[in-house]
Amino acid sequence: MIDNLQLNAEGRLKHFLSIEGLPKSLLTEILDIAESFVGIGDHQIKKVPLLRGKTIVNLFFENSTRTRTTFELAAKRLSADVLSMSISTSSTSKGESLLDTIRNLEAMFVDMFVVRHAISGAAHFIAQQTAPHISVINAGDGQHAHPTQAMLDMFTIRQIKKDFSNIRVAIIGDILHSRVARSQIQALNTLGAAEVRVIAPKTLLPAHVESLGVNVSHNLTEGLKDIDVIIMLRLQKERMTSALLPSESEYFKCFGLTEAKLKLAKPDAIVMHPGPINRGVEIDSKVADGPQSVILKQVSNGIAIRMAIMALAMQKQGIN
Amino acid sequence: MLKIQDLLNKLEVELKHKVVERQLNNPLMIGIRTGGVWVAEQMHQRLNITDPLGLLDISFYRDDFSQIGVNPNVKPSQLPPQIEGRDIILIDDVFYTGRTIRAALNEIFDYGRPNQVILAVLIERDGKQIPLCPDCVGTSITLNVGQWVKLIGPEPLAIQLQTQDLVA
């Protein structure tokens, strides 16, 4: 269902809602095209004219710093016109339904919606309902997916490790509430990573997590062995509905990444985090700011990867 | 009939003449991917240009994005960070509609404002669609309807003249 919606009749990207159902060749194409967008930030004119005359609306029903700003910058660097809707100041707060908001924006001749929403499936719903010439990009929906974050993480991994076939990746922390982790696991498995390992207390893992194609560990000290890429996740306290942890300090003691624990992974392991970071909760500042951290590189790469995804989703929309 | 060495020799002579005429100072040579780079590699050597050859990929500047989409084989352009005030020799293999050159100039100007740009092409053919023309050419030819000229390479370089069957 999702994959049919994401690809047009020729198998080209139309909406980008989830990694699930997308072939390896398409993910690789996104990474390859993003390579060529990286250098644009160094030009005197930091723009290419690909999406000139197109209108992109950022619809953020949830708070965001990195995702929203990098989507906005990416659209501007493609020369599109961008409208960033802050939902707290829009008519949604007066009771307008999601569909009515969409219909009204459609009437303003927009070409793409970038959607972040607290409800899983929101971007998918908009893609189903919206006019056929409009593309929808999922910028995070509930606990379901955050595919552009996963792709920028894949891009960062490939930049440093070159190839996925030999790397072992550990995703550590609050997997239960993490849409990022779901998308990362799908992307890593599609791109052929040697191993994806999740490390978390039982209370922060979804039931049957193994069925996603991962190995499971509940012990950080043991779990870090032979790991090339460490992805730390934020403890999503705002989504926790019951007491899943004794305390933050207890969590840090068992699952927080410190310099000493980092030494248990491979010596050239890289440390990633999708942000925002809870320093001293899931990661020690010395690690977050240390030489093995590529956290800020992830942020920079977010622009190039979002440019590639937007350009691909908008191609050929002009004549059909 | 189109011998690659003859065309390269003629282009070299015209370029050397043009460099003097236009008083190019420490020129930066830029080849347009893919065929233009092959020609530029030859000219770069023959003109003893000291600065490394710049490589330009115009995929993101094409005017037919809405029809054909993103070129999946796009590669990053490799130009020096300082374009501002430079004298540039831009090189392509075949000059046809002029649209590639328009895209290339747009991209170059996004890196900075050059002092002057001269355009050298191995083959200029008929079919111009916008008001641009090369400063130096290896040859100028007129093709019949359905004929197509292409540079193949890089080793060895050769010119291929194809005739496409026209479907009624």
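Which residue stands opposite A:Asn138 in strand 4 of chain A? In this predicted model, the position is taken by A:Val115. Strands are DSSP runs of E with at least two residues and helices are DSSP runs of H or I with at least four, both numbered from the N terminus. Strand 4 of chain A pairs with strand 3 (residues 112-117) of chain A in the parallel sense, over five bridges; pairing requires that DSSP find at least two bridges between two strands. Seven of the seven residues of strand 4 of chain A are buried, where buried denotes 20 or more other C-beta atoms within 10 Å of a residue's own, exposed 12 or fewer, and partly exposed a count in between, with C-beta atoms placed from the backbone.

Residues are numbered from 1 along each chain as its sequence is written, and chains are lettered from A and ligands numbered from 1 in the order in which they are written. Because the model is predicted, local features need pLDDT of at least 70 and side-chain atom pairs count only at pLDDT 80 or more, whereas totals for chains, interfaces and linings use all residues.

Chain A is assigned two domains, domain 1 (2-145 + 302-314) and domain 2 (147-299); such bounds come from an automatic or database domain assignment. The C-alpha centres of these two domains of chain A lie 25 Å apart. Their contact takes 24 residues from domain 1 of chain A and 19 residues from domain 2 of chain A, two residues being in contact if their C-beta atoms, placed from the backbone, lie within 7 Å. On the side of domain 1 of chain A that touches domain 2 of chain A, at least two residues are supplied by each of helix 2 (24-38), strand 4 (135-141) and helix 12 of chain A. This side of domain 1 of chain A comprises twelve nonpolar, seven polar and five charged residues. In this classification Ala, Val, Leu, Ile, Met, Phe, Trp, Tyr, Cys and Pro are nonpolar, Asp, Glu, Lys and Arg are charged, and the others, Gly among them, are polar.

The largest nonpolar core holds 136 residues, and those touching the most other members are A:Ile171, A:Ile172, A:Ile230, A:Ala308, A:Met310 and A:Ala311. A nonpolar core is a set of buried Ala, Val, Leu, Ile, Met, Phe, Trp, Tyr and Cys residues joined through C-beta atoms within 7 Å. Helix 12 (residues 295-314) of chain A contributes the largest share of this core, twelve residues. Domain 1 and domain 2 of chain A both give residues to the core, so it lies between them.

Helix 2 of chain A has 15 residues and reaches 21 Å from its first C-alpha to its last, close to the 21 Å expected at 1.5 Å a residue; the expected span is 1.5 Å times one less than the number of residues. Its buried residues are A:Ile30, A:Leu31, A:Ile33, A:Ala34, A:Ser36 and A:Phe37. Their cover includes helix 6 (147-161) and helix 12 of chain A. Beyond its neighbours within four places in sequence, A:Ala308 is in contact with A:Ile30, A:Ile33, A:Ala34 and A:Phe37.The contact between the chains takes 16 residues from chain B and 20 residues from chain A. Helix 3 (65-68) and helix 4 (99-111) of chain B each supply at least two residues of the side of chain B that touches chain A, and helix 3 of chain B gives the most, with three residues. By class, this side of chain B divides into nine nonpolar, four polar and three charged residues.

Within strand 4 (residues 116-125) of chain B lies B:Glu124, which counts as buried because it has 21 C-beta neighbours inside 10 Å. B:Glu124 and B:Val94 are 30 residues apart in sequence and 5.8 Å apart in space, C-alpha to C-alpha. Leaving aside neighbours within four places in sequence, B:Glu124 is in contact with B:Phe95, B:Pro134, B:Val137 and B:Ser140.

Most residues other than glycine have a negative phi, and most peptide bonds are trans. A cis peptide bond joins A:Gly275 and A:Pro276, with omega about -10 degrees; A:Pro276 is found in the loop between strand 9 (270-272) and helix 11 (285-288) of chain A. The bond from B:Glu155 to B:Pro156 is also cis, with omega near -5 degrees. Phi is positive, near 70 degrees, at A:Ser79 and near 70 degrees at A:Lys162. A:Ser79 counts as partly exposed because it has 15 C-beta neighbours inside 10 Å, whereas A:Lys162, with 10 such neighbours, counts as exposed.
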